[in-house]
Amino acid sequence: MSSVNTKIRLRDLRKSFAVYGRPVPVLREVEFHAREGELVGVIGPSGCGKSTLLNVIAGLEQPDGGTVELDGRPAPDRLGMVGYMQQKDLLMPWRSVLDNVVLGLEIAGVRRNEARRRARDLVDVFGLSGYEEQYPNTLSGGMRQRAAFLRTVLVERDVMLLDEPFGALDALTRTQMQEWLLGLWEMLGKTIVMVTHDVDEALLLSDRVYVLTPRPGTVKAVVEVGLPRPRYYGMITEPRFNDLKQQLVAHLHPAHLHQAHLHQAHLHQEGRPMSQEVLR
Ligand SMILES: Nc1ncnc2c1ncn2[C@@H]1O[C@H](COP(=O)(O)OP(=O)(O)OP(=O)(O)O)[C@@H](O)[C@H]1O
Ligand SMILES: [Mg+2]
């Protein structure tokens with residue numbers, strides 16, 4: 001049963017694509033839910049169907065089987081009901097930053113002047129002040145992501161889907177953006193589904209992490225992240241974080257961990273202490 005505050009629920013979701021006329025299953029029997037105001041992470045190997053999953057939730061793709069429920073009701077016509085920041089930022093090089101940011105509002109029928117007014121109110125929070133009339137090619141990677149994110153936020157949906165929002169960024173910028181997103185999420189109170197391939201990022205940000213198998217992707221494990229909020233980057237060095245990380249890595253790379261145990265046994269045989277590196 002869906003309780004009232006379940007924003008998204010997927011039941012027995014299946015999706016195949018035709019490749020040379022033959023169906024290739026990409027998602028199978030996916031069970032998933034996100035409650036109101038939660039940030040839910042999705043992690044899994046490349047090609048396992050994470051972006052396809054978000055496309056299905058957004059309504060850009062229809063599943064072959066199973067249901068997508070929003071706010072406790074099946075939502076077959078859900079296109080436009082959720083905000084979606086796709087894997088590529090899709091900023092148009094010929095539009096200024098501000099004109100890119102208001103694109104979603106314009107598509108929703110808001111007049112350009114009104115859309116620009118709303119965007120200007122948030123430009124500062126998104127660290128884009130002074131760049132409104134610049135073109136996307138003059139922005140850093142982090143700024144491009146924030147611009148794409150602002151475009152998604154302006155459309156004002158309760159649910160936001162983020163597909164590897166920081167995937168293209170260097171480690172330092174990524175860390176800053178994670179903290180920034182944490183702050184913003186606490187401010188906005190949205191329900192967020194975030195795809196990532198980064199274990200630390202998934203745990204630091206999420207209330208719950210879904211681990212998918214290789215294609216066809218299905219839910220292999222669900223890790224509840226009970227870390228207190230507000231969260232801060234330094235948490236990633238705490239023992240409780242490390243415990244969760246070991247759980248998540250064991251689901252993601254079982255063979256790898258098996259190797260590590262063999263290595264560990266080998267080292268013990270030789271009477272040497274085990275190196276931390278072995279467990280990574
Ligand atoms: N429209 C499509 N037609 C045919 N195959 C598709 C289509 N979209 C996705 N696929 C295939 O479905 C599989 C899953 O793709 P998807 O983009 O969902 O993976 P992903 O988990 O997001 O990968 P990554 O981590 O690399 O972004 C891939 O094998 C991909 O080639
Ligand atoms: Mg993807």
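A: Ile8 stands opposite Ala34, a residue of β2, and this position belongs to the antiparallel pairing of β1 with strand β2 (residues 22-35), which extends over 10 bridges. Strands here are DSSP runs of E with at least two residues, helices are runs of H or I with at least four, and both are numbered from the N terminus; two strands count as paired if DSSP finds at least two bridges between them. The model is a predicted one, in which local features need pLDDT of at least 70 and side-chain atom pairs count only at pLDDT 80 or more, while totals for chains, interfaces and linings use all residues. Residues are numbered from 1 along each chain as its sequence is written, and chains are lettered from A and ligands numbered from 1 in the order in which they are written.

β1 and β2 form a hairpin with two residues between the strands, and in this hairpin Tyr20 takes a positive phi near 50°. The two strands belong to an open sheet of four strands, antiparallel in its pairing, with the order β2-β1-β4-β5. Its edges are β2 and β5 (73-74), each of which pairs on one side only.

A second open sheet has six strands in the order β6-β7-β8-β3-β9-β10, and its pairing is mixed. Here the edge strands are β6 and β10 (219-224), each pairing on one side only. Neighbouring strands of this sheet are turned by 15° against each other on average, direction ignored, with axes taken as lines fitted to C-alpha atoms, for helices over the stretch in contact, and angles between N-to-C directions running from 0 to 180 degrees. β6 and β7 run parallel and are joined by three bridges, and the partner of Tyr84 in β7 is Leu161.

α5 packs on this sheet, where it touches β6 and β7, and its direction makes about 170° with that of β6. Helix α8 (residues 239-252) also packs on the sheet, touching β3 (39-43), β9 (208-212) and β10, with its direction at about 175° to that of β10. Residues are in contact if their C-beta atoms, placed from the backbone, lie within 7 Å.

Helix α5 (residues 141-154) is mostly covered, with 10 of its 14 residues buried, a residue being buried if 20 or more other C-beta atoms lie within 10 Å of its own, exposed if 12 or fewer do, and partly exposed in between. Among the buried residues of α5 are Ala147, Phe149, Leu150 and Val153. The cover over them includes β6 (83-85) and β7 (159-163), together with helices such as α4 (112-123) and α6 (171-188). Just after α5, Glu156 takes a positive phi of about 55°.

Note on methods:
Two residues are in contact if their C-beta atoms, placed from the backbone, lie within 7 Å.
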